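I opened a notebook page to record what I looked up in one structure.

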Amino acid sequence: MAGSLSGRVAFITGVARGQGRAHAVRLAREGVDIIGVDICENYPRMNYPNATPEDLQETVALVEKEDRRIVARKADVRDYAQLKAAFDEGYAEFGRVDIIIANAGIIRLGDEVDPLGEWQDVIDTNLTGVFHTVHAALPALREGGRGGSIVITSSSAGLKGTGSAYASAQAYAAAKRGLVGYMQTLANDLAPESIRVNTIHPTGVISGMTQNETMARLMAEAAASNDNAISAMQNALPIQILQAEDIANAVAWLVSDQAYYMTGVQLPLDAGFSVR
C-alpha cells in the first residue's frame, strides 16, 4: 500500500477471530490503529460457538505485535447503545476514524428449531447490526473531513441465492442482499465527501462459522452426495475454501488510496461462485 494507510484508524466488528481478526492484523501491518468489538458469547439459537473473550485478547496481542494500538471491547452489534459506547471509547483514545469495516455476522447451520427466532437473530445481526455499526461511527468519520472508506461484509449469498427451506438461511440471503441496497444508498449519499462505500462478497472462508462440528457434519453429508445446503454451494475454481487473510488482503487494498475511485461496488471474493 506504499504507506497510504499509515496513521489511520479502523473500526471493525467481529474482530475476535476469522475475517475480523484478519482485517485487524492486516491493517495494523499497514500502520492502522484499531477500534474492535466482538460479542464474545454464544447465541442460544445458533448451533456453533462464537468467539470468546480469550479470542479477543489474542487479536489484541496480534495487533500489538505489529506495533499498533488497539481498543478492543466486548459489544453486541444488535445493541446500539453498547456498540456506540465501545466505539466512543476507541475514538476518545485515537481522536479519529478513517475506515469502518462492518464484518460481524451469523447463521444457523443446516436445520432449524425456532424459525421465527432464528430469522430475527440473523436479520438483527447481519442487517440491522451493520446499520448500527455505520451509524455509530459515521458522524466521526464525516467530521474528520478527510474522506474515508466503509466496507460492508456481504456474502456470495448477497449475489446469488441458493435453495433452502430453513428460516436462518433465508434470512442470511435476504440480509446479505439487503446490504447491497444499503451500501448503494450510502455510496451515493457520501460520495461528495470522498467517503467510499463498498460491499465484499466472500465465498466460504475458514472461520468459526465454517470450522465446527455442525459444519463438519454438513460437509460429510455433501461429500456422500446427500442433498443439503453445502452441496449447492460450490466454487467455479478448484478452491474449496478461502483463508481469512485472502479477504483481508483484498480489503486492505479496497480501503487504501490505491482504490480511491472505487465506490458503490459489489466486489466478489468468491473463487467464481457467483458465475457458476
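My entries follow in the order in which I made them.

**Ground rules.** I worked on a predicted model, in which local features need pLDDT of at least 70 and side-chain atom pairs count only at pLDDT 80 or more, while totals for chains, interfaces and linings use all residues. I numbered residues from 1 along each chain as its sequence is written, and side-chain values use heavy atoms, with hydrogens and water left out.

**Entry 1: S168.** I found S168 in helix α5, residues 167–190. Helices here are DSSP runs of H or I with at least four residues, strands are runs of E with at least two, and both are numbered from the N terminus. Is S168 buried or exposed? S168 counts as buried because its relative accessibility is 1%; buried means under 20% relative accessible area, exposed over 50%, and partly exposed in between, with a 1.4 Å probe and protein chains only. I then looked up its neighbours: leaving out residues up to four places away in sequence, S168 touches I107, R108, E118 and V122 (contact means heavy atoms within 4.5 Å). The S168 side chain reaches the backbone nitrogen of R108 at 2.7 Å.

**Entry 2: the cores.** I noted that a nonpolar core is a set of buried Ala, Val, Leu, Ile, Met, Phe, Trp, Tyr and Cys residues joined through side-chain atoms within 4.5 Å. The largest one has 36 residues, and I12, L27, I34 and I200 have the most contacts inside it. Elements giving two or more residues to this core include β1 (9–13), α1 (18–29) and α7 (244–254). The largest share, seven residues, comes from α7. Apart from this core lies another of 32 residues, among them A75, L83, I152 and V180.

**Entry 3: α1 and α2.** I read an angle of about 15° for this pair, with the axes 9 Å apart; axes are lines fitted to C-alpha atoms over the stretch in contact, and angles run from 0 to 180 degrees between N-to-C directions. That makes α1 roughly parallel to α2, a label for angles under 35 degrees. R21, A24, V25 and A28 of α1 make the contact with D55, E58, T59, L62 and V63 of α2.

**Entry 4: α3 and α4.** Helix α3 (residues 80–94) packs on helix α4 (residues 115–144) at about 30°, with axes 8 Å apart. These two helices are therefore roughly parallel to each other. I listed the residues that meet: Y80, L83, K84, F87 and Y91 in α3, and H132, T133, H135, A136, A137, A140 and E143 in α4.

Key: A polar contact is a pair of N or O atoms within 3.5 Å; within protein, one must be able to donate a hydrogen and the other to accept it, and residues adjacent in sequence count only if both atoms are side-chain atoms. Angles under 35 degrees count as roughly parallel, over 145 as roughly antiparallel, 65 to 115 as roughly perpendicular and the rest as oblique.
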